[in-house]
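Me: I would like a close look at a single part of this model, namely the place where the two chains meet. Please take me through it in one connected answer.

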Amino acid sequence: MAKVSPFALGSALAIALLVSITVAVTIGPAEIRFDEVWRSIGSHLGIGVSPLTELRDGIVWQLRLPRVLTAAAVGAGLALSGAVMQAITRNPLADPYLLGLSSGAALGAVSVLLLGAAVLLPFAAFVGALLALTLTLLLAGSLGAITPSRTVLAGIAVSALASAITSFVIFWSVTGDSYREVLSWLLGSLSGARWPAVAITMTAIIVIGIPVMLTGRLLDSFAFGDIQAASLGVNVSATRWGLLAATALVTGAMVSVSGSIGFVGLILPHAVRLLVGAGHRALLPLSALLGAVFLVWADTLARTLFDPREIPVGIVTAMIGAPIFAFLLTRRKSST
Amino acid sequence: MSVLTRVAVVAGVSALALSGCAAAGPQTAAPSPIDSASQPVALSNCGFDVSFDSAPERVITIKSSTTEMLLALGLGDRIIGTAFQDGPVPAEWATAAAALTSIAERVPSEEAVLDLEPDLVFAGWESTFSADGAGARADLTSLGINTFVAPSACQSSGQPAKLSFDDVFSDIETVASIFRVDASELIADQSAQLASIDANGAGRTALWFSSGSDTPYVGAGIGAPQLLLETVGLTNVAADVDATWAPYNWEAVVDVDPDFIVLVDAAWNSAEKKIGVLEANPATANLSAVKAGRYLVVPFAASEAGVRSVEAAASLSAQIAELDG
C-alpha cells in the first residue's frame with residue numbers, strides 16, 4: 001500500500017477533528033437544530049443570546065459539548081500513550097493499560113462505586129492507576145535493570161492481582177442492579193463526562209501529551225535496541241522511566257474519567273503505521289489526532305445508535321475498530 | 001403445548017377459586033385447602049417444565065417479592081428460609097415475617113439450599129437459578145427439589161409481552177394453585193383496591209429512576225414500572241423502549257422535562273442518594289421536577305411485579321395527590 005504523506009494526513013485529520021466536534025455536538029436524542037446548538041454554545045462564550053430554553057441549553061452546554069470534548073481528549077491521550085508504550089517496550093501488543101494501569105484504576109473506581117469510599121471516583125481511579133504502576137515498576141526494578149520484557153511481565157502480575165481484588169469486591173458487595181454501573185465503567189463509558197472531565201483530560205493532553213508528542217526522534221532511536229540507542233547518545237534508562245511515567249500520568253487521567261476504553265490505544269497506532277510508516281515523529285501526533293476523531297464518533301454512536309438507550313463506548317470502539325483494522329491489514333497484505 | 005398447559009391450569013384454578021369463595025371467611029388469612037385439587041399441578045415456568053404432586057411444605061424464597069407472595073397467601077409457615085431480601089416486609093405481614101430465618105444476604109449457594117432439604121425454591125429472579133447461584137433448575141429438579149420463578153419475572157421465555165394486572169393476578173393464582181390454596185379473596189381485595197385508585201397523574205409525564213448515575217437505569221415500556229405509571233395515569237418518558245428496565249440517556253430525559261420523577265428506594269441505593277445524583281448533574285438539576293422536589297418514592301421490593309404492585313400504585317396516586325396539594 002502506498003504510504004501517505006504525514007503532512008497531508010495530519011492536515012486532513014486536523015480538519016476532520018474540527019468538523020467532527022462541530023457536527024457531533026449537534027447530534028443526540030433531543031432534536032435541536034444545528035444553528036440553535038451553535039448559537040447556544042456561542043452564548044456561553046459571550047457571543048449573542050442562546051435561542052434555547054434553560055433546560056435545552058443545558059443539554060448542549062452541560063451534556064453534549066463536555067462529552068464530545070472529553071471524547072476527543074481521551075481518544076488522543078490513549079492513542080498517544082499506546083504508541084509510546086509500544087515503542088519503549090518494543091512490543092506491538094502493548095497498550096496504555098499494559099502496566100497494570102487499567103486494573104489499578106478499576107480497583108479504585110470499584111471501591112468508590114461499591115464500597116462507597118468517600119472520595120471522587122476520578123481521583124480514586126487515578127490513585128489506583130498510579131499505585132499499580134508504581135508496584136509494577138518496583139517489581140520490575142527489583143529484578144535488575146528495567147528492561148521491556150521485565151516491565152511487561154511485572155505489569156501482568158500486578159494486573160492479575162488488581163483484577164482479582166476488583167472481582168472479589170464486585171462479587172462480594174454488588175447489590176441489586178448496582179453491578180450495571182460497575183460494568184459500564186469497566187467497559188469504558190463517557191456518559192459521565194462533564195466540564196471537570198474536560199479540564200482533567202485537556203490538562204493532561206496539553207501539559208504532558210504535547211511534550212511527549214515531540215519525543216519522536218528519541219523513540220526512533222529505541223527501535224533497534226537499548227545498546228544502539230545508547231550508542232546514539234540516548235540515556236536509555238532515564239528516557240524509559242520518564243516516558244513510562246508521562247504516559248502513565250496521561251493514561252491515568254483518561255482512565256479516571258472514562259473507565260478502560262479498549263482498542264483505541266492498541267490498534268490506532270498500528271493503523272497510522274500502516275498509513276505513514278513507523279517513524280515516531282509523525283506517528284505520535286497522527287495517532288493522537290486519529291484517536292481523537294475516532295473516539296468522538298465512537299461515542300456519538302454509543303449515545304445515539306440505540307437512542308434513547310445508551311451503550312458503553314468501549315463496546316463500540318471494538319466493534320467498529322476491529323473490522324476497520326482487519327481491512328487495513330488485508331490492504332497491506334495485498335500490496336506487499 | 002406449554003402455553004396451553006398453563007392456560008388450562010389457570011382457568012381451572014379460577015373456577016375452583018370461584019367455587020371456594022363462599023366457604024372462605026371474609027377476613028381469614030389462613031390457607032383454605034381445596035380438596036378437589038389433589039391431582040398434580042404441571043406447568044411450564046419460564047420455558048422449564050415443573051410438576052407439583054402435592055403442595056410444597058418446605059420452601060426457600062429468594063428475593064422479597066416471593067417471600068411476600070407467600071405471606072400474602074397465608075403460607076408463611078411453609079417458608080424454611082429466605083434469601084436476598086430487599087428490605088423489611090410491610091406492616092401487615094410483619095408478625096408472620098418475624099418468624100422467618102434468613103439463610104443468605106444475597107443469592108445462597110447450591111449447598112446452602114440443599115442443606116435445608118427444601119421441596120421448593122421459589123425465586124423472584126430467574127437468574128438466581130444457575131450453577132454458581134442457588135443451583136441450575138435441572139440439577140435441583142433431579143434432586144427432587146422443585147423450582148419456580150414468578151412468571152412475570154421470566155427472562156428466557158414466558159415473560160408477558162406487556163405486563164398487566166391480569167398477569168400479576170394470574171401469577172398469584174398460579175402460586176396459589178401450586179400450594180392448593182385459594183387466592184380469590186386476596187385477588188378480590190386487590191382488584192377492589194385497584195379499582196379505587198385515582199388516575200390523578202393523567203396528562204402528565206414521569207421518569208422511573210431505578211438506579212445509575214452517569215447512565216440512568218430506568219423503568220421502560222413493558223414491565224412493572226410501566227404498569228404502575230399507567231395505572232395512575234402518568235405517561236412514562238421511556239414508554240417506547242421495549243424492555244422492562246433499560247439503560248437510558250439523560251439527554252432524552254432533559255428533553256422531555258418530566259412532571260414527576262419516581263425514585264426507587266433500596267437499602268443499597270436510597271431515594272436520597274438518587275436525589276443527590278439528580279442535583280449534582282448540572283443538566284438534570286434544572287429539571288422542573290428536581291427544582292420543585294416532585295418526587296414519588298417506591299420501595300424496591302414493591303417495584304417488582306407481585307402482591308405489592310396494587311399497593312404501590314395506590315401509594316403513587318396518594319403521593320401525587322399530596323404534591324398537587
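Reply: A polar contact here is a pair of N or O atoms within 3.5 Å, where, within protein, one atom must be able to donate a hydrogen and the other to accept it. The model is a predicted one, and across the interface of chain A and chain B that rule finds seven residue pairs in polar contact, with both residues of a pair at pLDDT 80 or more. On the chain A side, helix 3 (54-89), helix 6 (148-173) and helix 7 (179-187) each supply at least two of the residues that touch chain B. Of the elements of chain A, helix 3 gives the most to this side, with eight residues. Sorted by class, the side of chain A that touches chain B holds 11 charged, nine polar and eight nonpolar residues.

In one salt bridge the side chain of R56(A) meets that of D255(B), with 2.6 Å from N to O. As for extent, 28 residues of chain A are in contact with 30 residues of chain B. The size of an interface is often given as the accessible area lost when the parts come together. For chain A and chain B the buried area is about 2,600 Å², and carbon and sulfur atoms give 52% of that area.

The chain that carries these helices can be described as a whole. Chain A has 14 helices and zero strands, and its C-alpha atoms fill a box of roughly 65 × 55 × 40 Å along the principal axes. A compact globule of 336 residues would have a radius of gyration near 20 Å, and the 20 Å of chain A therefore agrees with that expectation. Buried residues account for 55% of the 336 residues in chain A. Among the contacts in chain A between residues at least 6 apart in sequence, 76% join residues at least 24 apart.

Within the partner chain, one element can be followed in detail. Helix 2 (residues 64-72) of chain B is mostly covered, with nine of its nine residues buried; among them are S64(B), E68(B), M69(B) and L70(B). The buried residues of helix 2 of chain B pack against several elements of chain B, including strand 3 (59-62), strand 4 (79-83), helix 6 (165-178) and helix 7 (184-195). Just after helix 2 of chain B comes G74(B), which takes a positive phi of about 75°.

Key: Residues numbered from 1 in each chain as written. Chains lettered and ligands numbered in written order. Predicted model: local features only at pLDDT ≥ 70, side-chain atom pairs only at ≥ 80, totals over all residues. Heavy atoms only, no water. Contact = heavy atoms within 4.5 Å. Buried area = accessible area lost by both parts, 1.4 Å probe. Salt bridge = Lys/Arg side-chain N within 4 Å of Asp/Glu carboxyl O. Polar contact = N/O pair within 3.5 Å; in protein donor to acceptor, adjacent residues only side chain to side chain. Helix = DSSP H or I, 4+ residues; strand = E, 2+ residues; numbered from the N terminus. Nonpolar A, V, L, I, M, F, W, Y, C, P; charged D, E, K, R; others polar. Rg over C-alpha atoms; globule rule 2.2 N^0.38 Å. Buried < 20%, exposed > 50% of the residue type's maximum accessible area, 1.4 Å probe, protein only.
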